[in-house]
Amino acid sequence: MIETTRPAQDEAAVWPLAPSAAAVSFGRRQLNGLAGKNVAFIWDDLFRGDDMFEAFEAAAEEAGVAFRRIPHTVFGDLHGPHERAVVARIPELLREHEIDAAIVGVGACGSCTPAVIRACQAVEEAGVPAMALVSSGFVRQATATARAVGLEKLWIAEYPGVIAVDTDEAFAQKVHDHVVPSLFDGFRRLTHGYDGDAGDAATEPGVRDIVVSGRLEEIQDYFDDRQWSDGLPIVPPTIERVEHFLAYTDRDPLDEIGVMLPARRAVTVWSVAVNGVMAGCRPEYMPVLLAVTEVMADPEWRLEDAGCTPGWEPLILISGPLASVFGLNDGAGMMRVGNRANSTIGRFGRLIMRNLAGFLTPPGDTDKAAIGRTFNVAMAESDEHTHAIGWSTSREECGYVTDDTVVSVQSCVAISGPAYTGGAAEEQLAMLARYAADTIGPWAFTNLYYRGHSALVLMSPSVAQSLAEAGHTKDSIRRYLVDHATMDVGGMEAQARMARGNEFSFTDLAAKGMLPDGFPPDVTTETQVGVLAGPENVRIILGGDPGRNQNRIYWNNHEQGLPIHRRVECNARVRELVGSSGERRVG
C-alpha cells in the first residue's frame, strides 16, 4: 500500500551569519585646501596608476595649485610580494614625510581592490585622509569592503570602463574627463571636512534568535532573498539541528575561531554548526568543519583575497581515519558529487565563504570572479594504497602521526585535464611535468612574482605503484617536476601585461634583484623557467580509480590560499565512532 505524504510542518530557522567584529572608528578629517600640501601617491603597481597620478599632478599645476607629491616608490608595491609589510609601514612613512592626504590606487581586480581599501584604512587610522582610485567594475566591491572596515565615507575616484582593454588614447581621455575631476572633487570635499565615523551598526540577530519560520520553501526563499544560500536547497538550521552538531565538539558554542574578511565577522563554533546544517552535513562531521574553518580564518591563508577575478575555490583534503569513518570516497569518481561526505563538506567550504566571510556574487559586491566555477567536493587521501607501496601519507609528511586525522585547505585556481601516464617511469614523469606546466601555463607569472604557490598531484594508485617499483619516491618525483615543468618567459610576460593592465618584465625584475631564487640572471623572452620554485611546493597524494592510470594536478593561486593543515580534535563521542580499528563507517 502506498503511504500518503504528511503535510509539511513549519520549521524555525536561526541566523546563518556571525556577529560583526568590533567597529573601526575614525576621527574628523579636514584638509583646508590642496595648495602647499604634501600628497602621497600609494600604488599597487597595476592598471597604469602611475599615469593617472601624473595626469592629476599636471592638471593641478596647470590650474595653479602647487602641491608636493610623495611618489609611490617611497611606500612600495602595496599588492606585491610584500603587501602586508608595505601596508604596516604606511603610518610610519606618513609621519616621516608629513603627509597631509593620500591617493591610493588602483582597484581594477578582485584582490587588488581590497588591497587598495586596506591601504586606505591604514592611512585613515593614522589620521590622514585618503581617496581611492577604482575602475567602474569594482566600485561596488570597494564600497562594500570600505564599509566593512569602517570607511563609510571613503571618497572613490572612478575610472569608467576596463583599463586593460582601453587604447592609450581612450585611457588618456577617460583620465582627463573623469578621474582627474573626481580627484579635485574629493579634495574640495576634504577642504570642508567630513565626519568619517562608521556610525551605529545595524542591530543583528542573536545566535539563537529565529529569523524566519515557515515551510521549507518559504525558508529557502527567505534565505535566497538575503543571499544566505549558495543557490542550492538548504537544510533549515533549526536550534535542534544545530545543537545536534554541537554534541560532537567539547568547545563552547560562543568560542571565537577568528575574524573573517571582508565582512569582518567574528566566526564562532555556533556559526560553523549552523552552516554545516545548511550544507547538508551529518552532525558527526563537526570536528572536520571546525578544522576547515580554522584554516580559512587563519590570517596566513589570506581569505581576504578570495574575491579575486581568477575565481579560485577552496580545496579541502582530509587525511586520516575519519575519512574512512565518515565514508569519504577516495576511489573512482572521488571528485564528483554523489557521496554525501565529500559533497557536503566541500559545499560547506564555499558556504562559509558566503555567509561568514561575506563573498557574494551578483547581485552582491565582494566576489569578483570574472567567470568562476562551482565548489570542489572534499578530497580524501587513500591510506590503504599509500602505505601498500611504502610511501608516507600527506599528514605523516607534515609531522602528524598515522592515527591523526588532518584537514588541509588550499586555494584552487586551475585543474588539469585527465593526465594519463604509462610506460617507462621516465615517460610517465615527463608527461606529468608537461601537464603541470600546461595547467598553470602563462599564469605561472603570478607564482614567480608573488613567490608563493603550491601544486597538488592526485596520483592514481596504479601509477604510484609503477613509479615505486621503478625506485621512485615522492621526493624524487617532486624533484623531477621542479626540474622539468617549465614555461617560456615571453608567454608569462604577455599574460602579465594583459592581466595587470600595464607593462611587466622579468628582465626589469632581474635588474632590481627581485627575481626568485634560482631564476636565470640573463633571462630573455625565450628562456624556459620552472613553474615550481622547489620540491616543497609539490604535494602528492594517492586516490582515484586504482584500475586506471589517470592523474590530476591542482594549482593554488600563488600566495592566496597556500595549504595550511589542522589536526582534527575529536571529543569522546567522535572517538567512539572511530573505535580501535578506524573501520566503522558513518551512514
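Buried means under 20% relative accessible area. Cys308 has 1% relative accessibility, so Cys308 counts as buried. The structure is a predicted model.

**Cysteines**

- The model has one disulfide.
- That disulfide joins Cys109 to Cys112, with an S to S distance of 2.4 Å.
- Cys109 counts as buried because its relative accessibility is 12%, below the 20% limit.
- Cys112 is buried too, because its relative accessibility is 0%.
- Cys308 is in no disulfide. The nearest cysteine sulfur to Cys308 is that of Cys109, 7.9 Å away.
- Cys308 itself is buried, at 1% relative accessibility.
- Cys412 is in no disulfide either. The nearest cysteine sulfur to Cys412 belongs to Cys308 and is 12 Å away.
- Cys412 has a relative accessible area of 0%, so Cys412 is buried.

**Helix H3 and Glu124**

- Helix H3 spans residues 112-125, and Glu124 sits in it.
- Glu124 counts as buried because its relative accessibility is 3%.
- Glu124 and Pro91 are 33 residues apart in sequence. In space, their C-alpha atoms are 9.1 Å apart.

- Strand S10 covers residues 256-260, and strand S11 covers residues 265-268.
- The two strands pair in the antiparallel sense over four bridges.
- Val259 stands opposite Ala266 in S11.
- Four residues lie between the strands of this hairpin. Arg264 takes a positive phi there, near 60°.

**Cavities**

- The count comes to two cavities of 30 Å³ or more.
- The second largest cavity has a volume of about 30 Å³.
- Its lining is made up of Trp15, Leu17, Ala18, Pro19, Val207, Thr268, Trp270 and Ser271.
- By class, the lining of the second largest cavity divides into six nonpolar residues, two polar and no charged.
- Thr268 is one of the lining residues, and residue 268 also falls within strand S11.

Notes: Residues are numbered from 1 along each chain as its sequence is written. This is a predicted model: local features need pLDDT of at least 70, side-chain atom pairs count only at pLDDT 80 or more; totals for chains, interfaces and linings use all residues. Side-chain values use heavy atoms; hydrogens and water are left out. On a 1 Å grid over the protein atoms alone, a cavity is a set of points where a 1.4 Å probe fits but cannot get out, and a pocket is an open set with protein on both sides within 12 Å along at least five of seven lines; lining residues have an atom within 4 Å of a point. Grid points are joined across faces, edges and corners, and a volume is the space filled by probe spheres set on the points. Ala, Val, Leu, Ile, Met, Phe, Trp, Tyr, Cys and Pro count as nonpolar, Asp, Glu, Lys and Arg as charged, and the others, Gly among them, as polar. Two strands pair if DSSP finds at least two bridges between them. A disulfide is a pair of cysteine sulfur atoms within 2.5 Å. Buried means under 20% relative accessible area, exposed over 50%, partly exposed in between (1.4 Å probe, protein chains only).
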